[in-house]
Amino acid sequence: MSGVKRFICGDEAVAEGVRLARPHVVSAYPITPQTIVVERLSEYVEEGSLKARYMHVESEHSAMSCAIGASSVGARAFTATSSQGLLYMAETLPYASGARLPIVMMNANRSIATPWNIYGDQMDAMFLLNSGWIQYYVEDAQEALDMMIQGYRLAEDPEVMTPVMINVDGFVLTHTYELVEIPLQEAVDGFLPPLKMPLNSMSLESPKSLCISAGNDTNMEFNMKQHFDMLRSASAIEAVDRAFGETFGRTYHGALEAIDTEDARVVLITAGTVTGTARGVVKALRAAGKKVGLIKLRVLRPFPVQRLIEALKGVEAVGVLDKNISFGYEGTIFTNVNSALMAGQMSPKTLGFIGGIGGRDITKANLEEAYGKLFEVLEGADLDRVQYLNVRCDY
Amino acid sequence: MKRPQVKPWAYPGRVQDFPLGSTSKSDHLVSINAGWRTLRPVIDHEKCIDCMKCFLVCPDGVIDKSGPVLEIDYDFCKGCGICAHECPVKAIDMVKEVK
Amino acid sequence: MVKLNAKTLHNEEYFYGHKACGGCGESLALRHAMKVLGPNTFAALPAGCMAAVSFIYPNMAFTTNAMITPFAATGAVASGIAAGLEALGIDGTQTIGIAGDGGTADIGFQALSGAIDRNDDIIYLATDNEAYMNTGIQKSGLTPYGTRTTTSPAGKNLPGSVNQKKNMFEIVAAHGIAYAATASVGYLEDFLAKVAKAKETRGTSYIHVFVPCPTGWGYPAHKTVSLAKAAVDSGLWYLAEYEKGAFKLNRNPGSFTPVADYLKAQSRFRHLTEEDISRIEAARDAKWENMRRQWQG
């Protein structure tokens, strides 16, 4: 079943996906560059094409809290935020994941103040990597739309019951226009049936106490259960994407997409929109006879350790592109990838590439340079473990 | 007496047996509060005029009025003494608990 | 509607077996709010004494649906619950947010204001014991002048808290809320009637109930109800309502009992000098003059 194609921006694609997912409650607070999402949703509610309660909350903290309240009684809830807004609501995220509430949230990735900046990097979501939320990073507007639908199916899977954050690169994706296929509502309804009352919901039939306290005699076990279930959700992530492909004719290869990795000597790992640029670079380098590959990392939690290990078998040098800095160490994805390689007892050379901070371009030339450095390392060059892309002065 | 009762509970055998999320059934008491008490309210039913003020003022709701006379749920009475203090006819004595 | 009192109030308990201190005024207010609202109530409580004493796994003191919310989020979570229930078509329920003085007047103020602005169909019960009790008696925005707390010590230089208590009732009323009231566990029938009225109100209701705390105030536990009454009788607290845009004093005593009797019964005020007490009396008189002039017209 194919839908209609429309020329829309990433934020509009998110809003279309949310409308198709039929949430009961949308709690909204504006922040650049997420605003178009909550504007469109308010229009859908006004015109009646989305039958949801639209809650004008007074902050992001309340946006998530309101979604938590709605989700706690078994309603499908949506909210969206970005950057400082995500950090302002940070405290509430583990309430949702701890209580296992299947909320879906869009986060428009944006730089963190200070210095102030409204453009895209991925520092914001990295702060919340430990919040107990499943984290996706999408490459284009179509994927952004599709992941709203997949997100609810995954979050509401009885074996998963974990909130999902869909990360959409600020401006580069939220505000750029692409031709996007809007799936048919019937197809989405078939793929994403109405939420059945989850076991942990508050209900008149079976009154519940939620977000309870657990002392040092039980707290560890509660946390372990949440952790084990999150680890197990890795298989549901693959299954939901496969099922999506069966209905809609396109998949995203689950937790990661491996591009030309089979015979690659060097592989670059990316998350989000920069993958699009990297695809072109790989194509060009391949045409020039270079054995390069690319891994588009779509999910950072649960971290797809096994799939990474499989995809990196035989690879001699691995570069990781981070649009974030964990101050005092390195890029966060780099740390995670190195740990996965250790888990697989693999020891390729690795380099971390930090770029795109505060919306700085990551150009084709920058990525060619990254691949070049990976080859240099293979030839014995002694480079700093962490490299910085497109820096405008000496350092 | 019509008051919530303590229920049996055993520590889950496996991590997977813990509830889904930080949740629990409501109405689920597994331990009583009687041990907190140093004084025990005792109603003199001869003096009691059935005004039920004690029922009203008890923060713990342990005074039950469903029977022919007022009854105290000593499992959950903390012995605060508000009932005795507020009784208009001084029909409740606070008596020292003997352990 | 039948007038609710000790005789007419039913025997069911929906908040039971909690681990609050003996004589806790806040738990008394919660008990009665839940009794009036009934078994189909969804309660949202932020961090604070009542959350701490009622959800200690596996001991759950609410028999109804209830949840702990982020500290600042009582109003928002309650709104979300009500919106979710409405969207799912689940009728005949009540949603109540229950927060203490700090949870209402300080950290939860913004979310409360948002909920009233949306006129969500929720009841917000502010249980005011005039300090952060759960963390060990620290000063809040509702701690009155001259109160000794663990962060407003009384000494040579300061009389304890030097702030005036925020006027939450009128701040809430200024939103144009559907229904607001003040109450005291010293006047329980009045409180029951106000909860019943909030239950019948469509849109947001706010009840600000005065609840003595024996642990934080320093008085013997059996005096909770009589002290709550003394606060009203001495004019330091008042019983009022705001409905359809108008204020109403429910109790307008011709004379007040001495504030010193109320204050000196509590260790948190025992350090106050004659001068401090005169100052408190003067503030009380000014407040009553305003209320009588503006509300009794």
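## Salt bridges and a domain interface in a predicted model

Arg284(C) is buried, at 11% relative accessible area (buried is under 20%, exposed over 50%, partly exposed in between; 1.4 Å probe, protein chains only). Its salt-bridge partner is Asp285(C), with 3.0 Å from N to O. Asp285(C) is partly exposed, at 37%. A salt bridge places a side-chain nitrogen of Lys or Arg within 4 Å of a carboxyl oxygen of Asp or Glu.

This is a predicted model: local features need pLDDT of at least 70 and side-chain atom pairs pLDDT 80 or more, while totals for chains, interfaces and linings use all residues. Residues are numbered from 1 along each chain as its sequence is written, chains are lettered from A and ligands numbered from 1 in the order written, and side-chain values use heavy atoms, without hydrogens or water.

Over all chains, the structure holds 51 salt bridges. Four of them are listed here.

| Pair | N to O distance |
|---|---|
| Arg53(A) and Glu86(C) | 2.7 Å |
| Glu143(A) and Lys296(A) | 2.7 Å |
| Lys229(C) and Asp233(C) | 3.0 Å |
| Arg284(C) and Asp285(C) | 3.0 Å |

**Between chains.** Arg53(A) bridges to Glu86(C). The pair runs from strand E3 (residues 53-56) of chain A to helix H3 (residues 74-87) of chain C. Helices (H or I, at least four residues) and strands (E, at least two) are DSSP runs, numbered from the N terminus. Arg53(A) is partly exposed, at 24%.

**Within a helix.** Lys229(C) and Asp233(C) sit four residues apart in helix H9 (residues 224-233) of chain C, so about one helical turn separates them. Lys229(C) is partly exposed, at 36%. Asp233(C) is buried, at 14%.

**Between domains.** Chain A divides into domain 1 (4-248) and domain 2 (256-388), with bounds from an automatic or database assignment. Their centres, taken over C-alpha atoms, lie 28 Å apart. Domain 1 of chain A brings 27 residues to the contact and domain 2 of chain A brings 26; contact means heavy atoms within 4.5 Å. The two domains bury about 2,200 Å² between them, 57% of it on carbon and sulfur atoms. Buried area is the accessible area (1.4 Å probe) lost on joining two parts, summed over both. Met123(A), Leu129(A) and Glu139(A) supply 28% of the area that domain 1 of chain A buries against domain 2 of chain A, more than any other three residues.

Six salt bridges link these domains. On the side of domain 1 of chain A that touches domain 2 of chain A, helix H6 (123-127), strand E6 (134-137), helix H7 (141-155) and helix H9 (219-248) of chain A each supply at least two residues. H9(A) gives the most, with five residues.
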